[in-house]
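I opened the model to look up strand order, helix packing and aromatic pairs. The entries below are in the order in which I took them.

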Amino acid sequence: MLETLRRGASGWIAKALMGLLVISFGIWGVADIFRGYSTDVVAKVGKEEIKLPQFERELDNQTKQFSQRLGQPLTRAQAQAYGVVNAAMTRLIALAALDGGVRQMKLAVSDEAVANNIASDPSLQSGFGHFDRAAFRQALQQAGLTEKAFIADRRAYMERSQVNDVLTAGVKAPTALLDAISTYQQETRVVSYIIVPPSAVGDIKDPDDKTLEAYHKKAAIHFTLPETRDFTVMALEPYNLAATVSITDDELKKAYEQRRAEFDVPEKRTVDQIPFATMDAAKAADARLRKGESLDKIVGELGLTKSDVALGSVTRAQMVSPTVADAAFTLKIGEYSEPVQGPLGAVILHVTAIEPGKASTFEQEKDKLRADLASDKARSDVYDVQNTIEDARAGGASLEDIASKNGLKLVKFNGVSERGLTADGKKIDGLPDYKDLLDTVFKSEQGDQIPPGDTGHGGYYWVRVDSVKPAELQPLAKVRDDVVKLWKTEKRKADLNVLVQSLVERGNKGESFDKLAASVGRSTLDSPELKRFSENDTFSRMAVTRAFAAPQGGFAYGPVGFGDSLLVMQVKTINDPKPDPQSADYKKLQADLLDAVQTDMITTYVASLEKSLGVDINTKLLERAIASDNSQQ
C-alpha cells in the first residue's frame, strides 16, 4: 500500500528513468544555482517548484530501494557515492517537467474523478472490497504524507496519465524490427567441438632463477602480507552501568501497572465475521441462521468461502472496532451474534472456540521489570559517563586509567589486517563487530585522539592504534614453492591458449577437424542446439558468443563453462527460424519492444519540456541538505 501512496510520482513514468538519468543531466547539468532565493525550494522547472521536504522524501525512498537491491542498508553518504542523490533529483525534475507540460496544455482532473480513482484502488481497500479509511490513514502516517498531499499526488498522476495516453495512443512495435530481433534471439547453432585440457600442453619445467625472480616481483600482490595493526579497544555498554542502578519497589509497582498488558495473556476467540452490504441483508441472514440454516450456505450465497470470513484466533484488541469486539466476546461457543454495524458495514459474528486469558502477578514479573528498568536507566546514564570519559581523555588520561576508574575492560588485538584477519588470513577470535571499527583503525595513525564510536547496542567504544606494521613482500626464499607453482599455472594457461589458437588457425585454413582433434588426442563431439545466450558447464557465455560470431564451417575457441579447459569449435549448422507471432517468446518480445518505444517517446518529450521550460538547481541548498544528513550518520 505504501508504494501506492507514491503512485503519483511513479507508474509508467518509471519506464523512462534510465533514459532520463542521461538526458536530463545533459540538459540541466549540476552547476545552476538560484540567485536571490532563501527558501526551501531546491529546484525549479519553469514555474514548478521542488521543495526540500519533497526531495528528502524521494531521496529516502530511492535509498531504501537501492539498499534492497544491494541486499544491505546504505548510509546517506554511501547512497550519494552510488549516485542516488542525482537519481532522486533527476526523477523529481522529470516529474516537474511533466507537470509543467500539463499546465501548458491546461489539462485537469475533476475532484469527483480523483475521489473515484482513490476509492476504487484495490491497494486501498479492505478484504471485502470496500475503501478502508483506517488502513489508509495508517499507511499515510507510515509514508510521511498528509491526506492533502496524497490527493494532490494522485491528481498529478492522473493528469500525467492523460499526457501519457496521448503520446502512446496507437503506438505499435515496428514489425520489421520485431522480426529482426526475434530472428536474432531465436537463431540456433550446432557446433562440433573438442575440449582441450591444461594437460594437453605436457609438463611445464621449473623456471630458472632469473625468470623466477622477475615473476616474484611482477606477481608481488600474491606474495605480499597485508598491513596489520595492533590496537586497544575499550567499550561502555548500558549493561556496564545496570548493576549499579537502584530501583525501588514503588517504581517497580508503577511500571507493572503501566505495562500490565504486556504480561497478562488476553483471552482469544476463534471468530467468523460474515459481512453484508446492508443492515437489512444482515437481519435477513440472521433470521435464517436462527431457523437452522447452515453458515456455509449463507456465506456461499455471498460469493465467499469459509476461509474468507474466518478471522482466526484473535484478541479483543485485534478486532476491527470496540463495537464488533464487544459483540464477539459476549458470545458462547457456537452462538451467532445479532447483526452489528461495524465501520466497514453490517456483520454477523460466530464464535467457534475460546482460549481463556491468564492474569499475571507482580511477583512473577518483578525480576524482569527490575532488569528492564535498570537497563533503561543505564541507557540514559551512558551518555553522561561518555562525556566524563571524554573530559578525562582531553585532560590527558590514558585508556588504562579511564578503564580502571570506571570498571571497564580493555581488550588488545595484535596483527589485525583491514579485513579483520591475521596477516596470513586466519580468523581473529573475539574481534567485536562495532560499526566502523576496522575502518577507523586503518584511517587513524598511532597517537591520534580518535573520537568514540557507536557499539550498535546503545553504547560507545574507544580505540587506540598501538602500532602499525606496513605491508611486506615476502622474500623469494620463503615463498619460492608458491611462486614456482603460480608461475607454472600461469605458464600452462598461456601455452594452452597458444595451442588452441593454433588449432583454430589451422582449421580456418582448411585442415579437417578430425585431424586437429587427433593431434591433441581428442575426438570431436556435436553440441545440442545452442541459442545465442546459452550457457552451461561445457559452453561458457564467452565461448557461445564466439561461436555465434563465426561463419558456417568457421572455427572459434573459448573457455569451458566450468574448469580450466578450453573449447575448440567448428560451426556445423546455422538455423534462422521464421518469427512465430503466436509464440509466447514473440508476444513477450512484442510487449517489451512496445514498452521500449513508448519509453523513448516519453523520455524525448520530457527532455524537450525540460529544455523549453528551463531548469534551475539550488545547488547550495542541496549541498547543505546532504551535508547535514551525512553529519548525522
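Entry 1, ground rules. I am working from a predicted model, in which local features need pLDDT of at least 70, side-chain atom pairs count only at pLDDT 80 or more, and totals for chains, interfaces and linings use all residues. Residues are numbered from 1 along each chain as its sequence is written, and side-chain values use heavy atoms, with hydrogens and water left out.

Entry 2, the open sheet. I took helices (H or I, at least four residues) and strands (E, at least two) as DSSP runs, numbered from the N terminus. Two strands pair if DSSP finds at least two bridges between them. I read the order of four strands in an open sheet as β7-β6-β9-β8, with antiparallel pairing. β7 (310-315) and β8 (340-342) each have a single partner strand and stand at the edges, so one side of each lacks a neighbour in the sheet. On average, neighbouring strands here are turned by 45° against each other, direction ignored. For axes I used lines fitted to C-alpha atoms, for helices over the stretch in contact, with angles from 0 to 180 degrees between N-to-C directions.

I then looked at the pairing of β6 (residues 268-276) with β9 (residues 345-355): the two run antiparallel and are joined by nine bridges. R269 has I354 of β9 opposite. Helix α14 (residues 279-290) packs on this sheet and touches β6, β8 and β9, and its direction makes about 40° with that of β9. Contact here means heavy atoms within 4.5 Å.

How do α9 and α24 pack? Helix α9 (residues 175-186) meets helix α24 (residues 584-613) at an angle of about 130°, with the axes 10 Å apart. That makes α9 oblique to α24; under 35 degrees counts as roughly parallel, over 145 as roughly antiparallel, 65 to 115 as roughly perpendicular and the rest as oblique. On the α9 side I listed L177, L178, D179, I181, S182, Q185 and Q186, which meet D585, Y586, L589, Q590 and L593 in α24. The residues of this contact divide into six nonpolar, four polar and two charged. Ala, Val, Leu, Ile, Met, Phe, Trp, Tyr, Cys and Pro count as nonpolar, Asp, Glu, Lys and Arg as charged, and the others, Gly among them, as polar.

For helix α8 (residues 147-168) I found an angle of about 120° to α24, with the axes 10 Å apart. α8 and α24 are therefore oblique to each other. V163, N164, L167 and T168 in α8 meet Q598, M601, I602 and Y605 in α24.

Rings of Phe, Tyr and Trp (its six-membered ring) pair if their centres lie within 6.5 Å; planes under 30 degrees apart count as stacked, over 60 as edge-to-face and the rest as tilted. By this rule I have six aromatic pairs. The centres of the Y434 and Y461 rings are 4.9 Å apart and the planes are at 15°, so the pair is stacked. Y434 lies in the loop between β10 (410-417) and α20 (437-443), and Y461 lies in strand β12 (residues 460-469), 27 residues apart.

I followed β12 to its partners. Strand β5 (residues 228-236) pairs with β12 in the antiparallel sense over nine bridges, and T232 stands opposite R464. Strand β11 (residues 453-454) runs antiparallel to β12, joined by two bridges, with D454 opposite Y460. β11 and β12 form a hairpin with five residues between them, and G456 in the turn has a positive phi of about 85°.
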